[in-house]
Amino acid sequence: YAIDHFGKIFIEIGRENLSVPTKREYFKNTLSTTSRMLDHSVQYPWIIPIYFHFRNSKSIVGERIRHIVDMYMNAHAAEISKHYKLSKAQARTAAEAFTGMRMGLAYSYLVNQMDKKVDKRLLMIWIQSVLRIPKLPR
């Protein structure tokens, strides 16, 4: 139950990016939701470690985490495909890569207590640079 509840908090954060009309809105919302995700990693410090511990386990918790992540990935891949003009497969790969970076950042933010050491705006600048890549290298 707790996994579903807090997993859905993270999905709700990401849901703001869904069906936005422009790439600019998607970009702006992604920055905002990443910032909130970092805040939630500190507010609920057990979520990120549980995610990393169970995400590949065959337990019920692992299954629920994978289900939540799959819903999230499908939704974001559709938006990435639309706004960045990528195939479904390319968009899914981009969604997985970007989510991996965000989860890694959230983990580091929590474990290294970056909220106490780093101005979060610097991290948002880094995220901006990732999102502004105009097209994929061939």
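Author: What follows is a look at one helix, its two partners and a cavity beside it.

This is a predicted model, in which local features need pLDDT of at least 70 and side-chain atom pairs count only at pLDDT 80 or more, while totals for chains, interfaces and linings use all residues. Residues are numbered from 1 along each chain as its sequence is written, and side-chain values use heavy atoms, with hydrogens and water left out.

Helix 5 covers residues 88–111, where helices (H or I, at least four residues) are DSSP runs numbered from the N terminus. Its axis and that of helix 7 (residues 120–131) come within 12 Å and cross at roughly 165°; axes are lines fitted to C-alpha atoms over the stretch in contact, and angles run from 0 to 180 degrees between N-to-C directions. Helix 5 is therefore roughly antiparallel to helix 7, a term for angles over 145 degrees. On the side of helix 5, the contact (heavy atoms within 4.5 Å) is made by Phe98, Met101, Leu105 and Tyr109, and helix 7 brings Lys120, Leu123, Trp126, Ile127, Val130 and Leu131. By class, these are nine nonpolar, no polar and one charged residues, with Ala, Val, Leu, Ile, Met, Phe, Trp, Tyr, Cys and Pro counted as nonpolar, Asp, Glu, Lys and Arg as charged, and the others, Gly among them, as polar.

Helix 3 (residues 47–54) also meets helix 5, their axes coming within 9 Å and crossing at roughly 130°.

A cavity is a set of points on a 1 Å grid over the protein atoms alone where a 1.4 Å probe fits but cannot get out, and lining residues have an atom within 4 Å of a point. Ten residues line this cavity, and Tyr26, His76, Phe98, Thr99 and Arg102 lie nearest its centre.

Conventions. Helices (H or I, at least four residues) and strands (E, at least two) are DSSP runs, numbered from the N terminus. Angles under 35 degrees count as roughly parallel, over 145 as roughly antiparallel, 65 to 115 as roughly perpendicular and the rest as oblique. On a 1 Å grid over the protein atoms alone, a cavity is a set of points where a 1.4 Å probe fits but cannot get out, and a pocket is an open set with protein on both sides within 12 Å along at least five of seven lines; lining residues have an atom within 4 Å of a point.
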